[in-house]
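Colleague: Could you take me through this model slowly, and tell me what stands behind each word you use?

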Amino acid sequence: MVLAWCGDPEVKAEALAFAGEGMPLSELLPEAQRSWGIPPGVCTLLKCLPDGQSVAAFEAIPVGADLALVPARWALELLAGEHGAVHHTDADSSQRIAVDLVITLYRRKTAGEDPPGSEWVAASRAAEAAGRAAAADHRLGPAAHAAATAYAAAAAQAPEAAPLAAQAASARAAAIDAVDDTTFEDYQAAYAEADALAQAAEYSREAMMDATEAAFHVTFAPVKDAAERARAALAAGRPVSERDAAAWEQANAAGEVASATLGQYTAWRVDRLLYHLSQGPLIGGELR
């Protein structure tokens with residue numbers, strides 16, 4: 001079992017010193033994996049954090065924590081959290097059924113069970129089929145990406161369900177870091193899980209973008225022509241009618257709401273990853 005910071009507060013202090021010097025997180029992760037006791041899968045997930053989050057990420061991780069379930073807990077957030085994929089699906093739809101199936105598997109996993117690979121494979125295939133069905137109807141963009149989120153999250157626990165290119169990439173990464181056949185298998189599984197979850201996070205972001213764009217167009221469509229007239233008049237220095245000016249303001253307000261919504265989603269995703277990093281159980285201690 002790998003313990004965060006090798007169970008040594010001085011190792012964490014060293015890492016924070018490097019992070020405090022402004023080194024990018026991407027440059028710190030190889031050392032974090034090699035010498036600081038941060039599992040390879042968690043290091044790969046940390047790449048999902050924006051630049052400038054090195055100190056926050058390292059501060060969040062308790063000394064001596066077991067981080068093994070961090071990827072699974074974050075996957076559950078992407079699926080069922082406040083801004084999770086399930087909220088972009090309709091009740092009783094094939095997409096909702098597929099996402100709920102993967103959520104159930106992750107709840108079992110985070111509760112200490114080990115669902116068999118066959119269940120993960122079946123769930124990934126169901127989510128993939130649901131995503132394709134939704135993608136066939138451009139009006140269901142958010143649902144398609146929600147199902148894709150579930151597909152990638154399920155494939156994280158069943159690497160054989162992942163695309164061949166992804167399987168090959170995890171094998172190449174493991175070959176670089178492993179010292180024997182046993183560690184190769186462990187590293188490959190960790191990289192496959194983290195890479196699939198990083199893809200799930202990207203699909204989750206796209207689902208939110210689709211939903212935000214759809215909400216924007218609900219407001220924008222009725223005022224589009226008037227707003228365009230206002231934009232053209234302003235660009236040409238001509239007077240703008242009261243009606244067109246109101247439409248222009250309405251369109252801008254809708255755009256600001258959309259931008260704020262995406263910003264809130266990004267902040268939420270970072271917050272939840274940092275939270276789960278902080279909640280790894282301390283071996284011989286209590287949850288911190």
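**Reading the terms**

Modeller: Trp5 lies in the segment before helix 1 (9-20), where a helix is a DSSP run of H or I with at least four residues, numbered from the N terminus. This is a predicted model, in which local features need pLDDT of at least 70 and side-chain atom pairs count only at pLDDT 80 or more, while totals for chains, interfaces and linings use all residues. Residues are numbered from 1 along each chain as its sequence is written, and side-chain values use heavy atoms, with hydrogens and water left out.

Colleague: Why is Trp5 called buried?

Modeller: Buried means under 20% relative accessible area, exposed over 50%, and partly exposed in between, with a 1.4 Å probe and protein chains only. Trp5 has a relative accessible area of 0%, and therefore it counts as buried.

Colleague: What makes Asp92 count as exposed?

Modeller: Its relative accessibility is 73%, so Asp92 counts as exposed. Asp92 sits in the loop between helix 5 (70-80) and helix 6 (94-110), and has a positive phi of about 70 degrees although it is not a glycine.

Colleague: What is a nonpolar core, and which residues touch the most other members of the largest one?

Modeller: A nonpolar core is a set of buried Ala, Val, Leu, Ile, Met, Phe, Trp, Tyr and Cys residues joined through side-chain atoms within 4.5 Å. The largest has 63 residues, of which Trp5, Ile38, Phe58, Val102, Tyr106 and Leu277 touch the most other members. A second, separate core of 6 residues includes Phe220 and Ala247.

Notes
Helices (H or I, at least four residues) and strands (E, at least two) are DSSP runs, numbered from the N terminus.
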